[in-house]
Amino acid sequence: MAFRRVVAVTAAACGLAGGTVLLSSVAIGKQQPQPAGKAGGDVPEPVSAPPPAASPQGLLLLPSPAASCPAAPGWLERSSNGCGYWDNNWDRREPVALINLKKKNEETGEQELSSRLHHYKAKATRHIFLIRHSQYNLDGQVDRDRTLTHLGREQAELTGKRLASLGLKFDKIVHSSMTRASETTNIISKHLPGVKKVSTDLLCEGAPIEPNPPISHWKPEAVQYYEDGARIEAAFRNYIHRADVKQEEDSYEIFVCHANVIRYIVCRALQFPPEGWLRMSLNNGSITQLVIRPSGRVALRMLGDTGFMPPEKITRT
């Protein structure tokens, strides 16, 4: 009997992270010609298909989604709208979500509800520039001793010049309170006179979430993920969102912080699996740009750009 092989590939996404692939081969018999029946032609009885085998040949089963997905920390919300779909209310600022549900249900006319929604819609676009600090002294035992190296100061100068050359009206510079980020900010700000600076502990370096896949040379204690993760998530929620409804004009904001923080923020803003933050690398003094539209849509314009630096000035420490 001749056979033909059918191969089916099914991919099922697991929450926001990873997926399961099923490869199966099923042998299907080629129907044999049947002898003609009496006048009018008797229709031959269909041949019953054999019962499926317990373990079909050629079947490859990978771990189920439940088994392959790591448990999320309590402070991290997972999208509940399905696999791989964009959550329009990711920043909890979707106009419909801002209206009191009781009052909304009492509305009698669609036009009146539409008018109310208009008052909750953002009008401006936010341009977020995430700057990684420049190269610093790795031998420092405490934060105050981890100052920028000579090359690090040169990198900050180049980053400041690059930002100034964009010709944008920057609104503010928010920076981590750690020494290397503060020093990087002070050098950059010389090229952006008049732009106010704000220091915050929320943007300090840390371990945002256990990476997947894990790495062997960097394994913080579980308590560090517990403490740093909630803080860095708080930084994301506090600084990364669509514009306030009262904001009339587009804004351009600079955040000077650290590689782990930036990579986590990028994953969260794009609704990628946050556990994948360590799959990216960022150079010292690099520029990453996120654009958040009034609709809540987010776009990544740049990731770790250092094309404005000479090759010999580029480092990743």
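Author: Let us begin with burial: a residue is called buried when its relative accessible area is under 20%, exposed when it is over 50%, and partly exposed in between, with a 1.4 Å probe and protein chains only. Cys267, at 3% relative accessibility, therefore counts as buried. Please keep in mind that this is a predicted model, in which local features need pLDDT of at least 70 and side-chain atom pairs count only at pLDDT 80 or more, whereas totals for chains, interfaces and linings use all residues. Residues are numbered from 1 along each chain as its sequence is written, and side-chain values use heavy atoms, with hydrogens and water left out.

Reader: How many disulfides does the structure hold?

Author: A disulfide is a pair of cysteine sulfur atoms within 2.5 Å, and the structure holds 0 of them. Cys257 is in no disulfide, and the nearest cysteine sulfur, which belongs to Cys204, is 9.7 Å away. Cys257 is also buried, because its relative accessibility is 0%.

Reader: How should I read salt bridges, and how many does a search of the whole structure find?

Author: A salt bridge is a side-chain nitrogen of Lys or Arg within 4 Å of a carboxyl oxygen of Asp or Glu. The search of the whole structure finds 8 salt bridges. One of them joins Asp91 to Arg242, with the closest N and O atoms 2.8 Å apart. Since Asp91 lies in the loop between helix 1 (65–68) and helix 2 (95–98) and Arg242 in the loop between helix 7 and strand 6, the pair ties together parts that are 151 residues apart in sequence. The helices (H or I, at least four residues) and strands (E, at least two) named here are DSSP runs, numbered from the N terminus.

Reader: Are Asp91 and Arg242 buried or exposed?

Author: Asp91 is buried, with a relative accessible area of 12%, and Arg242 counts as buried at 2% relative accessibility.

Reader: Which residues are linked with Arg242 in a network of salt bridges?

Author: The network of salt bridges links Arg242 with Asp91 and Glu94. Between Glu94 and Arg242 the closest N and O atoms are 3.0 Å apart. This pair, too, links distant parts of the chain, with Glu94 in the loop between helix 1 and helix 2 and Arg242 in the loop between helix 7 and strand 6, 148 residues apart. Glu94 counts as partly exposed, because its relative accessibility is 23%. The C-alpha atom of Glu94 is also 9.0 Å in space from that of Ala122, and these two residues are 28 residues apart in sequence.

Reader: Which side chain meets that of Glu233 in a salt bridge?

Author: The partner is Arg268, with an N to O distance of 2.7 Å. Here Glu233 in helix 7 is linked to Arg268 in helix 8 (residues 259–269), 35 residues apart, and both residues are buried.

Reader: What should I look for in the backbone, and which residues does a cis peptide bond join?

Author: The angle to inspect for the peptide bond is omega, which is about 5° for the cis bond that joins Asn212 and Pro213. Pro213 is placed in the loop between strand 5 (196–200) and helix 7.

Reader: Where do Arg92 and Gln271 lie?

Author: Arg92 is in the loop between helix 1 and helix 2, where it counts as partly exposed at 43% relative accessibility. Gln271 lies in the loop between helix 8 and strand 7 (287–292) and is buried, with a relative accessible area of 14%.
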